[in-house]
Amino acid sequence: MSTLALALSNRYFPRMAAWQRESGLLLTGSLLVALFAQVRIPLPFTPVPITGQTFAVLLVGAALGARRGAAALTLYLLEGALGLPFFAGGRGGLHVLSGATAGYLFGFVLAAWLTGRLAERGLERNVRTSLLPFVAGSLVIYICGLAWLTVVRGSLRQAIILGLLPFLPGDAVKLLAAALALPAAWRLLKGTDRPSEAPTH
């Protein structure tokens, strides 16, 4: 089943070469996550800030599908590792990928894949089911992030206090926003497919 990004690219860039289309989709996905990463609210009691990254990761995964979504997030990590200021707060470099938030960053790749896999089955097209891919993707991010934070802090309890509980209310809002955005985008796309009425004389 076609994903939203692929449907849009086929609609507006029908003559684009396949490699250009693929490159454009992956680059756009990575840049979207980098842009939302700059929405950052540090919390004084935890090394994990509130960011817009997770929202963007879920959208990219759902819009691009499993393979392209995971590839876009892998590209994002590579761009940040090379020193581009793409991580939260404009940071970049390999040291970020071994810091306290490394688990979340690597979890982005898996979350994009899983969200995309579920979206490929059409779950993100209907408001009644659109929440499922995003909840699944968020769980993956939390599991990966907490696992690494437990290693860093030496305590699962501390990891939960620092890396989970403060973010649940905000992530609930992000999930609802994502779950509403994708069905709305599909309805808009389908609406533009309707043939225009014949002119009357």
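Mentor: What follows takes the ring pairs and then the charged pairs. This is a predicted model, in which local features need pLDDT of at least 70 and side-chain atom pairs count only at pLDDT 80 or more, while totals for chains, interfaces and linings use all residues. Residues are numbered from 1 along each chain as its sequence is written, and side-chain values use heavy atoms, with hydrogens and water left out.

A search of the whole structure finds two aromatic pairs (rings of Phe, Tyr and Trp, with its six-membered ring, whose centres lie within 6.5 Å; planes under 30 degrees apart are stacked, over 60 edge-to-face and the rest tilted). In one of them, the ring centres of Phe36 and Phe55 are 5.7 Å apart and the planes meet at 45 degrees, so this pair is tilted. Phe36 belongs to helix α2 (residues 18–37) and Phe55 to helix α3 (residues 53–64), so that distant parts of the chain, 19 residues apart, are linked; helices here are DSSP runs of H or I with at least four residues, numbered from the N terminus. Phe36 is partly exposed at 25% relative accessibility, whereas Phe55, at 16%, is buried (buried is under 20% relative accessible area, exposed over 50%, partly exposed in between, with a 1.4 Å probe and protein chains only).

Tyr76 and Phe87 form an edge-to-face pair, with 5.6 Å from centre to centre and 85 degrees between the planes. Tyr76 sits in helix α4 (residues 66–81) and Phe87 in the loop between α4 and α5 (102–119), eleven residues apart. Tyr76 is buried at 0% relative accessibility, and Phe87 is buried at 1%.

Turning to charge, side chains of opposite charge can pair when their charged atoms come close. The structure holds three salt bridges, each defined as a side-chain nitrogen of Lys or Arg within 4 Å of a carboxyl oxygen of Asp or Glu. One of them joins Glu22 and Arg68 at 2.9 Å, N to O; because Glu22 lies in helix α2 and Arg68 in helix α4, the pair ties together parts 46 residues apart in sequence. Glu22 is partly exposed at 23%, while Arg68 is buried at 15%.

Another salt bridge joins Glu120 and Arg117 at 3.4 Å, N to O, where Glu120 is partly exposed at 24% and Arg117 is partly exposed at 33%. Lys174 and Asp171 also meet in a salt bridge, at 3.3 Å, N to O; being three residues apart in helix α8 (residues 168–193), they are separated by about one helical turn, and both Lys174 and Asp171 are buried.

Technical notes:
Helices (H or I, at least four residues) and strands (E, at least two) are DSSP runs, numbered from the N terminus.
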